[in-house]
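Me: I have a model open and want to talk it through. Can you take my questions as they come?

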Amino acid sequence: MDEVHVAVGVILDTQQRILLTRRAADAHQGGLWEFPGGKVEQGEDVLTALDRELREELAISVERSSPLIEVRHDYGDKAVLLDVHLVWNFSGEPKGLEDQPMTWCAAEALGDYEFPAANLPIVEAVVTALRNL
Ligand SMILES: Nc1nc2c([nH]c(=O)n2[C@H]2C[C@H](O)[C@@H](COP(=O)(O)OP(=O)(O)OP(=O)(O)O)O2)c(=O)[nH]1
Ligand SMILES: [Mg+2]
């Protein structure tokens, strides 16, 4: 099965809270919370894709980021490579341009949200990264 390359942003505010959005009910892994992002286009650099997706979905643009983790996961109906980056600084005020629910969540509260199965190692990596600041 072809693997879908996805640029994913763990977007932090000044208090190190994390921006979560909820996937549309009819989308793949619908209704679950996610870290914003989307598919890398043919020939596109992952950071370019991340910036483009965050502009499209949230009207923000990435100012400073660092790689966090790469996660491969096969859902059966779809295989993904999540290329996850911490977004330390961004410009603009995030708003759900696709009417997606949105919330800021402290790292220690990530366990209260339902994520797609592929996100488990991401959540662990976020908690570790923020604990070690
Ligand atoms: N953005 C994002 N996608 C995730 C996460 N976890 C996870 O399994 N995925 C999966 C769900 C999807 O199969 C794929 C991302 O695709 P997407 O639907 O966000 O892609 P996109 O924004 O380009 O949207 P579209 O072109 O399909 O409308 O990665 C996550 O935390 N964030
Ligand atoms: Mg998306």
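What follows is a short exchange about this predicted model.

Me: What should I know about numbering and cut-offs?
Reply: Residues are numbered from 1 along each chain as its sequence is written, and chains are lettered from A and ligands numbered from 1 in the order in which they are written. This is a predicted model, where local features need pLDDT of at least 70 and side-chain atom pairs count only at pLDDT 80 or more, while totals for chains, interfaces and linings use all residues.

Me: What is the mean pLDDT of the protein chain?
Reply: The mean is 98, and 100% of the residues reach 70 or more; pLDDT is the predictor's confidence in each residue, from 0 to 100. For the complex, the predictor gives an ipTM of 0.96 and a pTM of 0.97.

Me: How many helices and strands in the protein chain?
Reply: There are 2 helices and 7 strands, in the order β-β-β-β-α-β-β-β-α along the sequence. Helices (H or I, at least four residues) and strands (E, at least two) are DSSP runs numbered from the N terminus.

Me: How much of the protein chain is buried?
Reply: Buried residues are 30% of the 133. Buried means 20 or more other C-beta atoms within 10 Å of the residue's own, exposed 12 or fewer, and partly exposed in between, with C-beta atoms placed from the backbone.

Me: Switching to the ligand. Which residues are closest to ligand 1?
Reply: Glu34, Gly37, Gly38, Lys39 and Pro116 are the closest of the 19 residues that surround ligand 1 (C-beta atom, placed from the backbone, within 6 Å of it). Two or more residues each come from β1 (3-11), β4 (37-39) and β6 (79-91).

Me: Which positions does UniProt annotate as "binding site"?
Reply: The unreviewed entry covers Gly37 and Glu57. UniProt positions are given in the numbering used here, feature names are shortened, and annotations may be inferred rather than shown by experiment. The two are spread over 21 residues of sequence but cluster in space, with a largest C-alpha distance of 7.8 Å.

Me: Why does Gly37 count as buried?
Reply: Because Gly37 has 25 C-beta neighbours inside 10 Å. Gly37 is in strand β4, and beyond four places in sequence Gly37 contacts Val6, Ala7, Val8, Gly9, Leu50 and Glu53 (contact: C-beta atoms, placed from the backbone, within 7 Å).

Me: And Glu57, buried or exposed?
Reply: Glu57 is buried, with 20 other C-beta atoms within 10 Å. Glu57 lies in helix α1 (residues 46-58), and its contacts beyond four places in sequence are Pro36, Leu97 and Glu98.

Methods:
Two residues are in contact if their C-beta atoms, placed from the backbone, lie within 7 Å.
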